[in-house]
Amino acid sequence: MTQVCSIIIVMNKDIIIASKNIGKIKEFKEMLEPLGYTVFSLLDYPEIGEIEETGKTFIENAIIKASTVSKKLNMICISDDSGLEISAFDGAPGIYSSRWLGEYTPYDLKMNYVIYKLENKEDRRCSYVCAIAVCDKDKVLMTFEEYCEGIVSRELKGNNGFGYDPFFYYEPYQKTIAELSSEVKNEISHRGKAIKKLLEWLENENI
Ligand code: IMP
């Protein structure tokens with residue numbers, strides 16, 4: 001069954017990403033479309049509605065999203081679950097990153113709150129995590145997890161990217177992620193690295 005579905009994707013090169021996050025979808029498209037894949041997302045399937053992320057880890061949530069959508073659309077589906085971990089907050093917000101401090105609270109406020117809380121703290125380390133799951137209904141075909149390490153800057157800088165990028169300082173380039181071009185972000189980011197692993201896997205599987 002898996003093989004049959006794989007062949008459908010080989011021929012169409014269609015990929016469904018179980019996400020409504022415009023920033024994330026843009027990054028998937030930037031990396032996959034130049035290679036001939038057509039990327040669809042939950043924005044193309046409003047009838048699927050909300051998927052409750054009840055997992056306790058990024059991988060569990062990625063699997064829940066990918067397998068739910070795979071069952072509804074009857075084809076292989078890819079999902080990413082990602083987030084920010086702040087060392088001084090024992091890894092919070094983690095899997096709750098998008099809803100943390102209120103789903104509709106502007107990111108500027110969330111980031112300034114963190115900067116304020118870390119004002120006198122020495123440990124400013126943070127990390128982005130990205131888990132990707134590929135599911136064929138209830139069958140998990142593959143999972144990947146990748147990271148990007150940074151530190152929480154003392155001020156917000158840059159307009160690129162999305163979410164927490166303006167305060168995520170990437171030391172090797174001495175810039176926040178929001179100051180990097182999307183090409184550079186996709187090279188070094190948690191999601192970029194996970195998508196590269198996904199692409200290698202797709203190629204090996206001949207998908
Ligand atoms: P998800 O849609 O449940 O995977 O939540 C991902 C959330 O993690 C986003 O809404 C952001 O809050 C945060 N996040 C994940 N990746 C990034 C990134 O590349 N830049 C900025 N924020 C990110």
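The shell around the ligand is made up of 4 nonpolar, 7 polar and 7 charged residues; here Ala, Val, Leu, Ile, Met, Phe, Trp, Tyr, Cys and Pro count as nonpolar, Asp, Glu, Lys and Arg as charged, and the others, Gly among them, as polar. The model is predicted: local features need pLDDT of at least 70 and side-chain atom pairs pLDDT 80 or more, while totals for chains, interfaces and linings use all residues. Residues are numbered from 1 along each chain as its sequence is written, and side-chain values use heavy atoms, with hydrogens and water left out.

Of the 18 residues around the ligand, K24, Y107, D165, K185 and R191 come nearest; a residue is near if one of its heavy atoms lies within 4 Å of the molecule. Two elements, β3 (77–86) and α6 (190–204), each supply at least two residues of this shell, and β3 gives the largest share, 3 residues. Helices (H or I, at least four residues) and strands (E, at least two) are DSSP runs, numbered from the N terminus.

A polar side-chain atom of E53 lies 3.3 Å from an oxygen atom of the ligand, and one of Y128 lies 3.2 Å from a nitrogen atom. Y164 contributes a backbone N or O atom, 3.3 Å from a nitrogen atom of the ligand. The protein covers 95% of the 490 Å² of accessible area that the ligand has on its own, by the Shrake-Rupley method with a 1.4 Å probe.

Elsewhere, the count of aromatic pairs comes to 6; rings of Phe, Tyr and Trp (its six-membered ring) pair if their centres lie within 6.5 Å, and planes under 30 degrees apart count as stacked, over 60 as edge-to-face and the rest as tilted. One of them, W100 with Y113, is edge-to-face, at 6.3 Å centre to centre and 70 degrees between the planes. This pair links distant parts of the chain, 13 residues apart: W100 is in the loop between β3 and α4 (107–117), and Y113 is in helix α4.

Most residues other than glycine have a negative phi, and most peptide bonds are trans. The loop between β3 and α4 also holds P93, which a cis peptide bond joins to A92, with omega about 0 degrees. L101 is found in that loop too, and its phi is positive, near 65 degrees.

Key:
A polar contact is a pair of N or O atoms within 3.5 Å; within protein, one must be able to donate a hydrogen and the other to accept it, and residues adjacent in sequence count only if both atoms are side-chain atoms.
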